[in-house]
Amino acid sequence: GTSASAAPPISFNEALQYFQTADLSECRKKVRATARRQGLAALVRFLFGPPQLQPQLQGERELALAIAQCGLDDNERVHMRILQTIYKKLTRSRLGCPRYGAHWEELGFQGADPGTDLRGTGMLGLMQMLYFVMDSQTLPLAQEIFKLSQHETQASAIMLILLQNFPFCIMSVNITRIVIQALREERLSRECNRRQQVIAVLNDLYAAAFLQLYRVWKWQHKTIVDSSFLLKELELSTKKKPKQLLKSLEAYVNRSPTADSLQQPFFSSASGGSGSQPNEEIHFTGVCDLQVELEGEARLI
C-alpha cells in the first residue's frame with residue numbers, strides 16, 4: 001500500500017527489536033527442538049560431536065527459530081517496511097513499490113507475492129536479506145551479487161545457456177535454510193559460544209555462504225544449470241567448515257568492502273559445473289527442495 005511504500009527504511013536492529021518484543025507464542029509452538037540421541041549414538045556424539053549451545057544462548061536460538069516460523073503479514077507495518085527496504089536497497093531506488101506485482105520477480109522471487117517463497121525460513125529469510133543490504137560492510141557485496149544475478153548478454157538463442165543470471169531472492173532463501181539447519185544440528189554452537197551470540201553468527205554465516213557462492217558462480221562461470229549441485233556443496237561447507245567460511249568473509253570485508261575477490265573458493269564444483277550438457281533440463285533448487293540431514297526426525301519445516 002501507499003503508506004508502506006512511503007515508510008522510511010528500517011534497520012536490522014530496529015526490526016530485530018520488534019521481533020524481540022512481539023508476541024511470537026504461536027510461532028514458538030511450531031518450533032520442534034533438536035532430537036536427542038540415546039545409547040551408543042549419544043555417547044559417540046558426546047565424544048566426537050559438536051558442543052551444545054550454552055544455556056544463556058538458548059533463548060536467542062529459540063527466537064531465531066520462531067522468526068523462521070513467522071509468515072509475512074500484510075497487516076504488520078514492520079514486515080512491510082522490511083520488504084520495502086530490501087526492494088529499495090537492491091534496486092537503488094528512492095521510491096517504494098506495490099505489495100504485489102511482477103517487480104518482485106525481477107528481484108528474484110518466483111512470483112508476484114514474496115510471501116509464498118518464504119516457506120521454511122519465514123521472516124528470518126527476509127531478516128537476513130535486510131541485514132545483507134543494511135550493513136555498510138556487506139551492502140556492496142549484496143549489490144554485486146544482485147548485479148550478477150541480473151546478468152544479460154547479446155548472445156544468440158543457442159548461447160543462452162551461458163547466461164549467469166539467477167533468482168537472487170530465491171538463492172538467498174535457500175542459503176537461509178542451510179544456515180537454519182546448521183543451527184538446528186548444533187554445527188554453529190562452538191562459534192556461538194565463543195562469541196556469546198546466535199543471530200549475529202547466523203547473519204555472518206549467511207553472508208559468508210553467499211560470498212562463497214558468488215565467487216564460485218562468477219569466476220567458474222556457473223549458470224542456473226549448476227545451481228542444485230552448488231547449493232548442495234555449499235550446504236556441506238556451511239555445516240562442516242563454518243569457521244573457514246566466516247574467516248573468508250572477515251578477510252573479504254577487512255581488505256575492502258567494495259573490492260571483488262579473486263581468491264579461489266575452497267570447495268570444488270567440477271563434477272556439477274560447466275560440464276553439464278546444454279540439452280539437459282534446467283532445474284533450479286526450490287525453497288523446499290534442499291535435502292537436509294537432521295538428528296532423529298525433528299524438522300523445522
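In this predicted model, the axes of α2 and helix α8 (residues 122–134) come within 9 Å and cross at roughly 155 degrees; axes here are lines fitted to C-alpha atoms, for helices over the stretch in contact, and angles run from 0 to 180 degrees between N-to-C directions. Helices are DSSP runs (H or I, at least four residues), numbered from the N terminus. That crossing makes α2 roughly antiparallel to α8 (the word applies to angles over 145 degrees). On the α2 side, the contact (heavy atoms within 4.5 Å) involves Phe 12, Ala 15, Leu 16 and Phe 19, and on the α8 side Met 123, Met 127, Leu 130 and Tyr 131. Sorted by type, these residues come out as 8 nonpolar, no polar and no charged. Ala, Val, Leu, Ile, Met, Phe, Trp, Tyr, Cys and Pro count as nonpolar, Asp, Glu, Lys and Arg as charged, and the others, Gly among them, as polar.

Helix α2 (residues 12–21) also packs against helix α6 (residues 77–91), at an angle of about 155 degrees and with the axes 11 Å apart. The pair is therefore roughly antiparallel. Here α2 brings Glu 14, Ala 15, Tyr 18 and Phe 19 to the contact, while α6 brings Val 78, His 79, Arg 81 and Ile 82. This set splits into 5 nonpolar, 1 polar and 2 charged.

Then there is the largest pocket, with a volume of about 420 Å³. A pocket, on a 1 Å grid over the protein atoms alone, is an open set of points where a 1.4 Å probe fits, with protein on both sides within 12 Å along at least five of seven lines; lining residues have an atom within 4 Å of a point. The volume is the space filled by probe spheres set on the points, which are joined across faces, edges and corners. Its lining takes in 22 residues, with Arg 195, Ala 200, Asp 204, Leu 246 and Leu 249 nearest the centre. Helix α2 turns up again here: along with α11 (189–195), α12 (199–219) and α14 (242–255), α2 supplies at least two lining residues. The largest share, 7 residues, belongs to α14. By type, the lining holds 8 nonpolar, 5 polar and 9 charged residues.

Local features need pLDDT of at least 70 and side-chain atom pairs count only at pLDDT 80 or more, while totals for chains, interfaces and linings use all residues. Residues are numbered from 1 along each chain as its sequence is written, and side-chain values use heavy atoms, leaving out hydrogens and water.

How values were computed
Angles under 35 degrees count as roughly parallel, over 145 as roughly antiparallel, 65 to 115 as roughly perpendicular and the rest as oblique.
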